[in-house]
Amino acid sequence: METLHTAALVTGASRGLGAAVARALAARGTRVALVARGQEELQRTVATIRATGGDAHPIVADVGDKRVAHAIAAAAFALVGPLDLLVHNASTLGNVPLRPLMDTDCEAVARAFEVNVLAPLRLTKLVAASMILRGQGLIVQITSDASVNAYAGWGAYGVSKAALDHLGRILGAELQGTGVRVVTVDPGEMNTRMHSDAMPEADTGALLDPEVVAQRILRLIQSGDALPSGARVEAAAWELRP
């Protein structure tokens, strides 16, 4: 199958959508560096990719800790080479169980911004410079419909994802002409641990499988040149194809 990109860094990649995207990229021949906090889950995901012939490497780190941002970027370059794809998937809800924004700890809101907004910005700044020098690269941000819809109880997550959306628009405008593009993707509601943490009573049968969403995101990545840089798109708009 066609290789989408040569080398990629995927955050929040130990499980859920991040792991599914990493597996899908590796299956297409991309060398993938996976970042997550949970060492055991991350190692299992990497082992699964390697067992099927994929080139995958774990980086155990908290993207929300600004002190390790440079170390994450350096490790990714050392493990898979110059990156031409960066996928910002790592996210946090804030307080769990969810609660009204007025009752949410300000520290939880700050943590949501650290993980959901500042971590992507930091890694983009560190990775995009090399992309600009080579005149090519794609940055994919994973957002949510909570960024455009006001859901009671989803305040910390929603406002941080709204900021991420606009971050993508600004970076898209500022990187015009460099060969580096930014796309923000709403994957839809998926059957993941995060969704279960947020809505434990939800009918999981009505939720999307992350593996299906990952294939849609791969098609989007493959067709990304058709999108204006800075665009916010819904994964469901990209039909699956062989």
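The following legends describe close-up views of a predicted model. Residues are numbered from 1 along each chain as its sequence is written, and side-chain values use heavy atoms, with hydrogens and water left out. In this predicted model, local features need pLDDT of at least 70 and side-chain atom pairs count only at pLDDT 80 or more, whereas totals for chains, interfaces and linings use all residues.

View 1. Asp84 is found in the loop between helix 3 (69–80) and strand 4 (85–88); helices (H or I, at least four residues) and strands (E, at least two) are DSSP runs, numbered from the N terminus. Buried means under 20% relative accessible area, exposed over 50%, and partly exposed in between (1.4 Å probe, protein chains only). A salt bridge is a side-chain nitrogen of Lys or Arg within 4 Å of a carboxyl oxygen of Asp or Glu. A polar atom of the Asp84 side chain lies 3.0 Å from the backbone nitrogen of Thr6. With neighbours within four places in sequence left aside, Asp84 is in contact (heavy atoms within 4.5 Å) with His5, Thr6, Ala7, Met131, Arg134, Gly137 and Leu138.

**View 2. The salt bridge between Arg111 and Asp62.** The closest N and O atoms of this pair are 3.2 Å apart, and the structure holds seven salt bridges. Arg111 belongs to helix 4 (residues 106–134) and Asp62 to the loop between strand 3 (56–60) and helix 3, so the pair ties together parts 49 residues apart in sequence. Both residues are partly exposed: Arg111 has a relative accessible area of 29% and Asp62 one of 23%.

**View 3. A network of salt bridges linking Asp165, Asp186 and Arg232.** The side chains of Arg232 and Asp165 meet at 2.8 Å, N to O. This pair links distant parts of the chain, with Arg232 in strand 7 (residues 231–234) and Asp165 in helix 5 (residues 155–174), 67 residues apart. Asp165 is buried, at 2% relative accessibility, whereas Arg232 is partly exposed, with a relative accessible area of 24%.

**View 4. The largest nonpolar core.** A nonpolar core is a set of buried Ala, Val, Leu, Ile, Met, Phe, Trp, Tyr and Cys residues joined through side-chain atoms within 4.5 Å. Of the 35 residues in this core, Leu25, Leu34, Leu85, Val140, Val185, Ile217 and Val233 touch the most other members. Helix 1 (residues 16–27) gives the most to the core, with seven residues. Apart from it lies another core of 26 residues, among them Ala76, Leu83, Leu123 and Ala128.

**View 5. Contacts of Val233 and Leu227.** Beyond its neighbours within four places in sequence, Val233 is in contact with Val183, Thr184, Val185, Asp186, Leu220, Leu227 and Trp238. Leu227 is placed in the loop between helix 7 (210–222) and strand 7 and counts as buried at 14% relative accessibility. Residues up to four places away in sequence not being counted, Leu227 touches Arg181, Val183, Leu220, Val233 and Trp238. Leu227 and Val182 are 45 residues apart in sequence and 9.4 Å apart in space, C-alpha to C-alpha.

Terms used: A polar contact is a pair of N or O atoms within 3.5 Å; within protein, one must be able to donate a hydrogen and the other to accept it, and residues adjacent in sequence count only if both atoms are side-chain atoms.
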